[in-house]
Amino acid sequence: MKIEKLAKDLLLINGKIIDPHNRKTFDGDVWLKNGKIAGVGDVNTPKGAEKIDCSGKVITHGFCDLHVHFREPGREDKETLKTGSRAALAGGFTRVCVMPNTHPPLDTPESINFIREKAQECPIHIHPIGAVTKSQGGNDITEMGLMHREGAVAFSDDGIPIQDGAMMRIALEYSTLMNVPVINHAEDECLRAEGVMNEGIVSNHLGLPGNPDFAESTMVHRDLELAKFTGARLHVPHVSSAKSVQHIRGMKKINEKVTAEVTPHHLYFNDEALRSFDTNLKVAPPIRTEQDRKALLEAVKDGTIDCIATDHAPHTIEDKETTFDLASFGMIGLESCFGAVCKVLVVNEMAIALEELIRLLTVKPRNIMGFEADLFQVGIPAEIAILDPTKDWVFDSTHVQSRSVNSPYYGETLTGRVEMTISRGYIASN
Amino acid sequence: MDAMAVERSVTRLSHEILEKNGSPEKIVLIGIHKRGVPLAARIQAKIHEISGAELQQGSLDITFHRDDYRERLVIPQVKGSDVPFSLDEKVAVLVDDVLYTGRTIRAALDVLNSFGRASKVQLAVLVDRGHRELPVRADFVGKNIPTHEDEHVHVELRETDEDDRVFLIRIQD
Amino acid sequence: MLQQKHLLGLEGYPSEDIQSIIDTAFNFREVLDRPIKKVPSLQGVTIVNLFFENSTRTRISFELAQKRLSADTVNFSSSSSSLKKGESFKDTAQNIEAMKIDATVMRHPTPGAPQHLTEFIDAVVINAGDGTHEHPTQAILDMMSLHEKFGKLKGLKVGILGDISHSRVALSNIYGLITMGVEVTLCGPPNLIPPFIRNLGVNVNYNVDEVIEWADALNVLRIQRERMGLGLVPSIREYRAMFGITKERLDHHKKEIVIMHPGPMNRGVEIDGSVADSDQAIILDQVLNGVASRMAILYLLCGGKSSEKEES
């Protein structure tokens, strides 16, 4: 992947422009001047502008991922803000929210400030998510007010469930002061026990300890009830089970402050894939049955799930190249995201319109966080992804831009390719 | 008594107070709520008219010092006592409308004591109706009105009521 | 002359009676301004201060009030750890009864304890604070102070700021202020404001700047440092940034607002020292009004009763 600075005057011509905010699709050009939108659709071609021919391609908003792990500070061997930015650009993402389970965790206003300052040097927009409890210990809430002032856009102890219901309640109540979402990694620690994959037929066949779907759904249910009672904003991360979908669907009817996300891998794989014992498929929450996968696809279609978030979780080769029980949980996902979700949602199974898929990656996540979503307005700093939505491609190691390589997609044929991404005055070309 | 009689009494009381005490500088007037206060004000004005002296004036609310506190709970009707000057070396002339059992004056002496120690305390009243229950006597009396126990002396002053009048009321069974 | 024999709380307490207490308290305020601050009204009346929970300020305030009324005062302090709840409480109460006491001023860590006491003894019971329930004398002195400053209570806008869920001062104030026609807004960390409190007729607004703009007076509650370690308040600097009545915050608003605090203050946490010492704060007046209003309460509840005389 090549990253260059944007030309002063850049014209993207002959593209199919999909504006997911205004829900319009039309042919035309996009003119960028000094990195900002200067015209969309029918533009007066300025002389001397550099041109990029986008015939046959889609020009749309850059994607926004609410859930990535960039491992800085502490595990820069896995990923840094800079390398994570490259992975994001490769996947068409121009804006991400980084989770706070770093070392040390982002649990003070000073650490939030650290991320914000470091992010200035990166070619994508990076927003810190603050920890809910100090040291993610689950006992004492963090200085959310001060952290919010420093730039924290949400609060989460992701990686570690907030097991204590009273603490979750306090966190939700306190968060209403800042009116930002609380994101709880919902897995009851007692019920999930030593589980390393979904508890089901496959785990019984493989003899691996299982993590049942109700470990997630009971806590999701708890969180939903607490959210309703406290009036707080709850965002449910990486929903993995049909049961959770049911709870969310029911609660959304009476509470509009609930939102939910799903990962590409929970839409793409089911637990049969784990027969290979590929540790890159070891994720938390686990990849579940085909029934769960179908329920998640339905939930995306009917709006129960608001957006797609990769849960990009880089790990070193040593962390993954080991026995299944010891391998770390998580996979990278930024580079493979569009190809995977386009394949299952648009092309093959759900026949969701491309425009809708793009909304799930652009407008909807931005709305949840309150980021500007009308990105084709004149004067807005450009966040653009140029896509070839019908191109089939086989995922291989050359596509990985992350510092880590833990992906289960190697050799998979994906549909839908990100050709170029424009963000913060840079253009990345795959 | 009608208004003119009240006025004459006030004038006479003022003269007597000055005469008895020689120099006006050491006299202070202390009105007892509620009608003693406007009476004291009138005496103060009259004394100023007669002698040019400007006497200091204070007021006392005796509610909390009543000696019947064991039997009756009385809610104070006014905003309390006000003696915003020192009583040292002063002759404090207490002023009230009616002197009857003497218990009000005893309470007034108690309150006055909270504010300091006057060198002398004298008593001026508009009406003395007799029937003392305590050894109290007035130094200056406007009018003596002997009464029976079933009678009541009611004073009205233009500052607090319609006009200056003193009534003797007989209570029938 | 007050409709209720005891003063257990301000919930349902008649507004006329609150007004009587305040009016009488102003009279006693004048007594406290005299060189000799004593009246004989409660001579021969015996009052026990029954404090099951530590308190210096409230107890001293009550003791002063009692002594200025010429009452006889007896103090009983005990840490609740040395008392088994329930059993000894009844014993203690009945022992008092046996000694022919006229009135009890009680502070206890458990809500409802003073109510409980009235079932065992005949004396007048005055609640000096029952756990997280009520502290009616504090609310009365707060209202008296507001009355002193504004000349009235009805129509005022008062904000109560802090840890509402653990504050008996807040709850009594809510009951009393609403009864007297005051508009009340609660403010504080959302997890420290009881979720159903609006039912009492108060507003809730977590934004302290908006509350300052709206209010005529602000009652700033102490944030207990014990709360810090229990996960309820993240840190002192967070509380100060989000809710602290700091000089900068008040300067920013440039408005006349009366600042109250029940004490004791954590200077630099919920309130800046310079704010507490400024002209906008009536904190010391509250303390003086505390003695005056307690005198009024004792006078109105215990006055006019003959003490039991020994047969002579």
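# How the chains fit together

Reader: What makes the radius of gyration of chain C agree with a compact globule?

Author: A compact globule with 312 residues would have a radius of gyration near 20 Å, and chain C has 20 Å, so the two agree. The radius is taken over C-alpha atoms, and the globule rule is 2.2 Å times the number of residues to the power 0.38. Along its principal axes, the C-alpha trace of chain C spans about 70 × 45 × 35 Å.

Reader: Before going on, what sort of model is this?

Author: This is a predicted model, where local features need pLDDT of at least 70, side-chain atom pairs count only at pLDDT 80 or more, and totals for chains, interfaces and linings use all residues. Residues are numbered from 1 along each chain as its sequence is written, while chains are lettered from A and ligands numbered from 1 in the order in which they are written.

Reader: What makes a residue of chain C count as buried, and how many do?

Author: A buried residue has 20 or more other C-beta atoms within 10 Å of its own (12 or fewer is exposed, in between is partly exposed, and C-beta atoms are placed from the backbone). By that rule, 48% of the 312 residues of chain C are buried.

Reader: Which pair of chains shares the most contacts?

Author: Chains B and C do, out of the 2 pairs of chains in contact. Being in contact means that the C-beta atoms of two residues, placed from the backbone, lie within 7 Å. Here 16 residues come from chain B and 17 from chain C. The side of chain B that touches chain C has 6 nonpolar, 6 polar and 4 charged residues.

Reader: What makes a residue nonpolar, charged or polar?

Author: Ala, Val, Leu, Ile, Met, Phe, Trp, Tyr, Cys and Pro count as nonpolar, Asp, Glu, Lys and Arg as charged, and the others, Gly among them, as polar.

Reader: And where does chain A come in, next to chain C or chain B?

Author: Chain A meets chain C: 14 residues of chain A are in contact with 12 of chain C. Those on the chain C side are 7 nonpolar, 3 polar and 2 charged. No contact joins chain A and chain B; their closest C-alpha atoms lie 47 Å apart.

Reader: How do you know which domains chain A has?

Author: Domain bounds come from an automatic or database domain assignment. For chain A, that gives domain 1 (2-59 + 378-390 + 416-429) and domain 2 (62-369). Their centres, over C-alpha atoms, are 30 Å apart, and 20 residues of domain 1 are in contact with 22 of domain 2.
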